[in-house]
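This briefing concerns side-chain contacts, taken up by topic: salt bridges, then aromatic rings and charges over them.

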There are 2 protein chains.
Amino acid sequence: MSKVTSHISISVDGFVAGPNQSSENPLGEGGERLHEWVVATEGWRAQHGKEGGERGADSEVAEEVTRNIGAQIMGRNMFGPPGGGPWDESWRGWWGEDPPFHVPVYVLTHHPRESVEMQGGTTYHFVTEGIESALDQAKAAAGGKDVLIAGGANAIQQYLAAGLLDELYLHIAPVVLGGGERLLENVGDPTLEPVEVVASPAATHVRYRVGARL
Amino acid sequence: MSKVTSHISISVDGFVAGPNQSSENPLGEGGERLHEWVVATEGWRAQHGKEGGERGADSEVAEEVTRNIGAQIMGRNMFGPPGGGPWDESWRGWWGEDPPFHVPVYVLTHHPRESVEMQGGTTYHFVTEGIESALDQAKAAAGGKDVLIAGGANAIQQYLAAGLLDELYLHIAPVVLGGGERLLENVGDPTLEPVEVVASPAATHVRYRVGARL
């Protein structure tokens, strides 16, 4: 059964980026600590063309979240460039000519742009008709596989608030950021049901099924 | 080895009470949902003189957190009455003449008061000399057992910020409150290490060892 899923690293105090985000420091102060659990893994490193890394529960999670994804949706801020606005067509994302997605990626934007085909199976499509249209297109492209809401926080919030998210997988890093960008703001009162927990010294991974709205 | 420990129920978005707390609604709007996991358990019900309840992982957690506690510390707001200020000596806490603590309880307050001996081993002591003095007294009284910082959030924050807490056990309820009282505010940047995770459909219990300050 195809589902709409999302996963994101979050601090114990609920932040997905630290304070004072900027184009030089897009994760905010201390925000890189949220991702230490994953960048150390063999699974993540292999996806990004790097050798080595740790095997274990965290690596299995890093691999598992990329399985069975047929299309992705991301917000304009995640795709970049910083600042937004009309497209500079020389901008082809943060991830180089062979991005680690390998599926169609639908970018939510207010500014139309022709699709951009990258190497390795990634094609960027730019959707100006809103989140539901992007989801319809992504589902059609996913061929029965899952659709990943890749981020950032604002895109996940919009799908969660609209009742369009089936699953939210949180990677709770053992970090207190004290400020920054919150994930669960302006999302109403979703019904969450923890259906899987994977624990490691580096993070606590809790998969929530998102149910009917209260 | 005696330790200073605390445990508290918290929403996925980091709140330990809902918005608009009042004397009629001390947990705030929706705050009672944070505690559904525990009030359903046989372990909690037995501690509160009630029969029945569910057995299982949550009940084991409810029982485990009361084991090996030799003394407790709580903030004035938790002890009550609402509003604070100089003591009305007719106030003997929220928990009746036979409170569920069964150990000495040190209440942090700005207003001196004679100790009050209750039934079942609970004696309330009122400490005006600050959190370190309360901890020294509680450790001496605990006879080698652990000292529990019982709450509320502000008392836990103070001990965490002062580097005096050895362990923080969070019961993460699958609830989004959207506002209210945050636990991890004004606590600086403690080093947290998840050392135990207990998962159930009703809550994800993560025990953090609190390490040296960064």
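**Side-chain contacts in a predicted model**

R207(A) is buried, with a relative accessible area of 8%; buried means under 20% relative accessible area, exposed over 50%, and partly exposed in between (1.4 Å probe, protein chains only). This is a predicted model, in which local features need pLDDT of at least 70 and side-chain atom pairs count only at pLDDT 80 or more, while totals for chains, interfaces and linings use all residues. Residues are numbered from 1 along each chain as its sequence is written, chains are lettered from A and ligands numbered from 1 in the order in which they are written, and side-chain values use heavy atoms, with hydrogens and water left out.

**Salt bridges**

- Over all chains, the structure holds 18 salt bridges, each defined as a side-chain nitrogen of Lys or Arg within 4 Å of a carboxyl oxygen of Asp or Glu.
- R207(A) is bridged to E64(A), with 3.0 Å between the closest N and O atoms.
- That pair links distant parts of the chain, 143 residues apart: R207(A) lies in strand β11 (residues 204-210) of chain A and E64(A) in helix α3 (residues 57-64) of chain A. Helices (H or I, at least four residues) and strands (E, at least two) are DSSP runs, numbered from the N terminus.
- E64(A) is partly exposed at 29% relative accessibility.
- A network of salt bridges links R207(A) and E64(A) with K3(A), E167(A) and E196(A).
- E97(A) and R92(A) form a salt bridge whose closest N and O atoms are 3.0 Å apart; E97(A) is partly exposed at 38%, and R92(A) is partly exposed at 31%.
- In the salt bridge of E63(A) with R67(A), the closest N and O atoms are 3.8 Å apart; E63(A) is partly exposed at 28%, whereas R67(A) is exposed at 52%.

**Aromatic rings**

- The whole structure contains 14 aromatic pairs over all chains. Rings of Phe, Tyr and Trp (its six-membered ring) pair if their centres lie within 6.5 Å; planes under 30 degrees apart count as stacked, over 60 as edge-to-face and the rest as tilted.
- The F79(A) and W87(A) pair is edge-to-face, because the ring planes stand at 75°, with the centres 5.8 Å apart.
- F79(A) is buried at 0% relative accessible area, and W87(A) is buried at 12%.
- Ring pairs join F79(A) and W87(A) in a cluster with W95(A), F101(A), Y124(A) and F126(A).

**Charges over rings**

- The charged end of R76(A) sits over the ring of W87(A), 3.6 Å from its centre; the criterion is NZ of Lys or CZ of Arg within 6 Å of the ring centre and within 35 degrees of the ring normal.
- In chain B, the charged end of R207(B) sits over the ring of Y169(B), 4.3 Å from its centre.
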